[in-house]
Amino acid sequence: MKGLAAIAAVVAVLAAVPLFVQSNIALNFLVVTLLVALAGQGWNILGGYGGQYSFGHAAFFGTGAYVTAILQVRYGVNAWAGFAAGIAGGAAVGAFIGALTFRAGLRGSYFALVTLAFAEVLRIIASVAPITGAGVGTLIKLDLHPAAMQFESRAVFYWVILALVAVSLVIAHLIERSRFGAWLIAVRENEDAAKALGVNATRVKLGAMTVSAAITAAAGCFYAQYFLFVDSGIAYGTWISVEALLTPIIGGVGTVFGPLIGALAVKALSEGAKLVAGDAPGLSLVVYGCVLVFVIAFAPRGFVGLLAAAYRRLARAPKKREAAHG
Amino acid sequence: MLSPVILIPAILNGLLTGAVYALVALGLTLIYGVLHIINFAHGALLSAALFAAFFAFRLLGLDPYLAAFLLAPVFFAIGYALQRLVIGPASHGDDRNMLLVTLGLSIIVENALLFAFRADTRTIDLPYAFATVDFGFAFLAVPRVIGFAVVFAVALVLWAIMRFTDIGKAIRAVAKEKLGAELAGIDVAHVYAMTFGLGTACVAIAACLLIPTYYVNPSVGDGFVLIAFTIVVLGGMGSVPGALIGGLVIGVVESLSGLFLGESLGQIGIFLIFIAVLLARPTGLFGAKA
């Protein structure tokens, strides 16, 4: 219950932000940050708790974005229904890739490579297939109406993505507390030992991948709805595979709040780099890369690990003083 | 379309391109064979080497084929230092961390290049860039024929290093049995770094072979490295002959699928082979065990 209370508190604080911050630039920054946090939480379920490092989460993000956009533009489906279908589509792609790769017993480097290859295949198909608008991309018509899931105020978009992030936090919390989560962590720590104890590793990983893909797909659906434009480079580009992996690792891999903290940290850092050196191409990504290497080298448990260590030190300090006086 | 007049040059050109792919893949497979990690920084290092070859020509007037003799040792040193000072210490000996550190390095290198040189595509003009040799049945570009020969020369040198030198023996020992090699007094960190250096030197030579007929921009290496991953997987991770044969096969497949499916869809052939091989036979055609 403590975990759920913490989630509620964090979400309540974040929900209050638009009441004080009205600047569109600031809200836009927060929306994009939460979007990346959501995609990262998807990665975290499979990579953080399950230890399966995917380098191709763009496959799910892009599928979510394209399904949402294409259903609306070409088939006149309602935006909310399209959103749900996008999540389902992403989950289906996740289950499909997972079924193929886990059944073939791919782990480690091999798994990273094959997920990367799937994302690339989808990117190439999307860049030539007529249904995706090929090289031109797909543009969703502007229709500022809640029924079309488009809102005049950025604050509403912000609350929508915050709600999605909140759901993803609860999912991560429930997985952490469940028997399924224990199996998943057992597979991460030692797959052969987990199997020997009767854990169906393939099925556990497949389940994690499906949930993981659905969450990252939700971020893709939101992207389409927010920017009203999708093309193959955005939807299936390596940028989102990298951001989805970066945020949980920097924030704290295999923790509920890791992706959210990681997203805030990397986005703030890249904004800071822009302030210092101007908005030059490539610069913010250089910062990402450096932070990634530094976190792995010096804080393998991410910012969450650093915070926990600092908290323990603070909690211990007064007791020591008491002991010294007593 | 199937007439031999088109088909034979397409296959031969595929073989020539494939040889350079094979050299990139050779570096990758060498590193995998010893360190058991996929070096995700390989493509970014190739981009960096292409820039180095470009500026060696533009600023120093150095012919790319001569530049290879300068760039190979320089990139060997860069590779050595990266493994010894960054990848090794930062990853604490964990494979998953190594993957991420090389990914981080690739992001840093690629975007530092983007920051320094912008996204512009550059080429160099050489008098012999468009020269061809007539083999009777096909005209082939001279630089690519040279490239083909150099790749096999490099492979031979690598084979000799691995077979006859002390460091080659140490590398093979570490690849086979890391702990045992360590107990026998081999400095594993040094061997890892030497291997990484050799792999990076391969990339530098590949860059010098590519630059006469190819272009350079900060993300140019990505395309090559995905192909190199495919070759390495196809030939069996860690297998040197596998990388050579795999490179040639992939060169021909790319050339033919480009001919039949068009430029952008042609790439799909490679990835489908890649996924199929990974799923059906992850040890590759020549690999002993995963």
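Colleague: In which helix is the place of Gly79(B)?

Modeller: Gly79(B) lies in helix α3 of chain B, which covers residues 64-91. Please bear in mind that this is a predicted model.

Colleague: Why is Gly79(B) called buried?

Modeller: A residue is called buried if 20 or more other C-beta atoms lie within 10 Å of its own. Gly79(B) has 29 other C-beta atoms within 10 Å, and therefore it is buried.

Colleague: Which residues are in contact with Gly79(B), once its neighbours within four places in sequence are left aside?

Modeller: Those residues are Phe196(B), Gly197(B), Gly199(B), Thr200(B) and Ala201(B). In the case of Gly199(B), 120 residues of sequence separate it from Gly79(B), while the C-alpha atoms of the two are 7.6 Å apart.

Colleague: What makes the span of α10(B) close to the expected value?

Modeller: Helix α10 of chain B, residues 240-261, has 22 residues, for which 32 Å is expected at 1.5 Å a residue. From its first C-alpha to its last it reaches 31 Å, which is close to that value. Several residues of α10(B) are buried, among them Val240(B), Leu244(B), Leu248(B) and Glu254(B). After the helix comes Gly262(B), with a positive phi near 95°.

Colleague: What makes the radius of gyration of chain B agree with that of a compact globule?

Modeller: For 290 residues, a compact globule would have a radius of gyration near 19 Å. Chain B has 19 Å, and therefore the two agree. Along its principal axes, the C-alpha trace of chain B spans about 60 × 45 × 35 Å. Of the 290 residues in chain B, 52% are buried. Among its contacts between residues at least 6 apart in sequence, 76% join residues at least 24 apart.

Colleague: How many helices and strands does chain B have?

Modeller: Chain B has 11 helices and 2 strands.

Colleague: Turning to chain A, why does Ala85(A) count as buried?

Modeller: The cut-off for a buried residue is 20 or more other C-beta atoms within 10 Å. Ala85(A), in helix α4 (residues 79-103) of chain A, has 20 C-beta neighbours inside 10 Å, so it counts as buried. Leaving aside neighbours within four places in sequence, Ala85(A) is in contact with Val67(A) and Leu71(A).

Colleague: Why does Ala218(A) count as buried?

Modeller: Ala218(A) has 30 C-beta neighbours inside 10 Å, and the cut-off is 20 or more, so Ala218(A) is buried. Its place is in helix α9, residues 201-227, of chain A. Beyond four places in sequence, its contacts are Leu38(A), Gly64(A), Ile87(A) and Leu164(A).

Colleague: What makes α2(A) mostly covered?

Modeller: Of the 26 residues of α2(A), 19 are buried. This helix, residues 24-49 of chain A, reaches 36 Å, close to the 38 Å expected at 1.5 Å a residue. A kink of about 40° is centred on Trp43(A). Gly51(A), which follows the helix, has a positive phi near 70°.

Colleague: How many residues does each chain bring to the contact between them?

Modeller: The contact takes 33 residues from chain A and 37 residues from chain B. On the chain A side, α5(A) gives the most, with 13 residues. By class, that side has 27 nonpolar, 5 polar and 1 charged residues.

Methods
Residues are numbered from 1 along each chain as its sequence is written. Chains are lettered from A and ligands numbered from 1 in the order in which they are written. This is a predicted model: local features need pLDDT of at least 70, side-chain atom pairs count only at pLDDT 80 or more; totals for chains, interfaces and linings use all residues. Two residues are in contact if their C-beta atoms, placed from the backbone, lie within 7 Å. Helices (H or I, at least four residues) and strands (E, at least two) are DSSP runs, numbered from the N terminus. Ala, Val, Leu, Ile, Met, Phe, Trp, Tyr, Cys and Pro count as nonpolar, Asp, Glu, Lys and Arg as charged, and the others, Gly among them, as polar. The expected span of a helix is 1.5 Å times one less than its number of residues. A residue is buried if 20 or more other C-beta atoms lie within 10 Å of its own, exposed if 12 or fewer, and partly exposed in between; C-beta atoms are placed from the backbone. The bend at a residue is the angle between axes fitted to the seven residues ending there and the seven starting there. The radius of gyration is taken over C-alpha atoms; the globule rule is 2.2 Å times the number of residues to the power 0.38.
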